[in-house]
Amino acid sequence: MRGGIQICYPQFGDCGLLDQHGFARNKIWVIDEDPPPLYSNESTGKSFVDLLLKPSEDDLKLWPHSFEFRLRVSLAVDGDLTLVSRIRNINGKPFSFSFAYHTYLSVSDISEVRIEGLETLDYLDNLSKRELLTEQGDAITFESEMDRTYLRSPKVVAVLDHERKRTYVIGKEGLPDTVVWNPWEKKSKTMADFGDDEYKTMLCVDGAAVERPITLKPGEEWTGRLMLTAVKSSFCFDQLELQSKGF
């Protein structure tokens, strides 16, 4: 669980009746050998795989809604990683869900990392019963546990790792929120599958749809896209925005 990009669906966190982050991340997906186009401006030069998920009988007992979830994972020659999720309602009635790409990033030292692009935004503080607050800093830095959902966030966010001289550029579409999480020392020691000191070298920055659940009528579909790029951190944020292809 503690790494990679988890697919949180049909629930993010514990704000619902399902287990933490829903069931999709615990399932075996099927490879589609003959995938269709997912969006009109698909670029060539990428290797990709399409994965399909449909609910099992056990899933339907917990969450009684039929759906088809298609996940396309694409890797470009320059190293850009893109994930496209398309969820279709094949149910006879509407349903609602929350969603996130729970993205674990490897960093040199969490105390040397900053996030740009979320300044002045409102956020829900998940450590204070989802209290609504406003970001006051010029950038987000880390000195203690953080678990926040930034609302109506921009399409591009940058995670600057000064020690490694590297910046992660995170672009997103169809995902209005950005979740930022680091468990810090105290919580790390309570997590059986997380090393006591591993909080120092990781950070989760998620493209998400959390505050307002997505509702699909029968036959409707929703698409959410995430792109992750690593660049030299000598770039300023304005340059990073220009570099985020397709966003």
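Trainee: How many bridges join β2 to strand β3?
Mentor: Strand β3 covers residues 46-53, and β2 and β3 run antiparallel. A strand is a DSSP run of E with at least two residues, a helix is a run of H or I with at least four, and both are numbered from the N terminus. Two strands pair if DSSP finds at least two bridges between them. For β2 and β3 the number of bridges is two.

Trainee: What kind of model is this?
Mentor: Residues are numbered from 1 along each chain as its sequence is written, and side-chain values use heavy atoms, with hydrogens and water left out. Local features need pLDDT of at least 70 and side-chain atom pairs count only at pLDDT 80 or more, while totals for chains, interfaces and linings use all residues, as this is a predicted model.

Trainee: Which residue in β3 stands opposite Val30?
Mentor: Val30 belongs to β2, which spans 30-31. The residue opposite Val30 in β3 is Leu52.

Trainee: Which are the edge strands of the open sheet of eight strands?
Mentor: The order of this sheet is β2-β3-β4-β5-β15-β12-β11-β7, with antiparallel pairing. An edge strand here pairs on one side only. The edge strands are β2 and β7.

Trainee: What is the average twist from one strand to the next in the open sheet of seven strands?
Mentor: This sheet has the order β1-β6-β14-β13-β10-β8-β9, again with antiparallel pairing. Its edge strands are β1 (5-8) and β9 (131-134). With axes as lines fitted to C-alpha atoms and angles from 0 to 180 degrees between N-to-C directions, the average twist is 25°.

Trainee: Which residue in the hairpin of β8 and β9 takes a positive phi?
Mentor: Four bridges join β8 (residues 122-125) to β9, and Leu124 has Leu132 as its bridge partner in β9. Five residues lie between the two strands of the hairpin. The residue with a positive phi, near 55°, is Lys129.

Trainee: Is Thr178 buried or exposed?
Mentor: Thr178 is in strand β13. Buried means under 20% relative accessible area, exposed over 50%, and partly exposed in between, with a 1.4 Å probe and protein chains only. Because Thr178 has 2% relative accessibility, it counts as buried.

Trainee: With which side chain does the side chain of Thr178 make a polar contact?
Mentor: A polar contact is a pair of N or O atoms within 3.5 Å; within protein, one must be able to donate a hydrogen and the other to accept it, and residues adjacent in sequence count only if both atoms are side-chain atoms. The polar contact, at 2.7 Å, is with the side chain of Ser153.

Trainee: What is the length of the polar contact between the side chains of Ser108 and Asp161?
Mentor: Ser108 is in the loop between β6 (95-106) and β7 (113-116). At 16% relative accessibility, Ser108 counts as buried. Beyond four places away in sequence, Ser108 touches residues including Asp161, Glu163 and Arg164. The polar contact with Asp161 has a length of 2.6 Å.

Trainee: What radius of gyration does the protein chain have?
Mentor: The protein chain has three helices and 15 strands, and buried residues make up 49% of its 247 residues. The radius is taken over C-alpha atoms, and the globule rule is 2.2 Å times the number of residues to the power 0.38. For 247 residues a compact globule would have a radius near 18 Å, so the value for this chain agrees: 18 Å.

Note on methods
Contact means heavy atoms within 4.5 Å.
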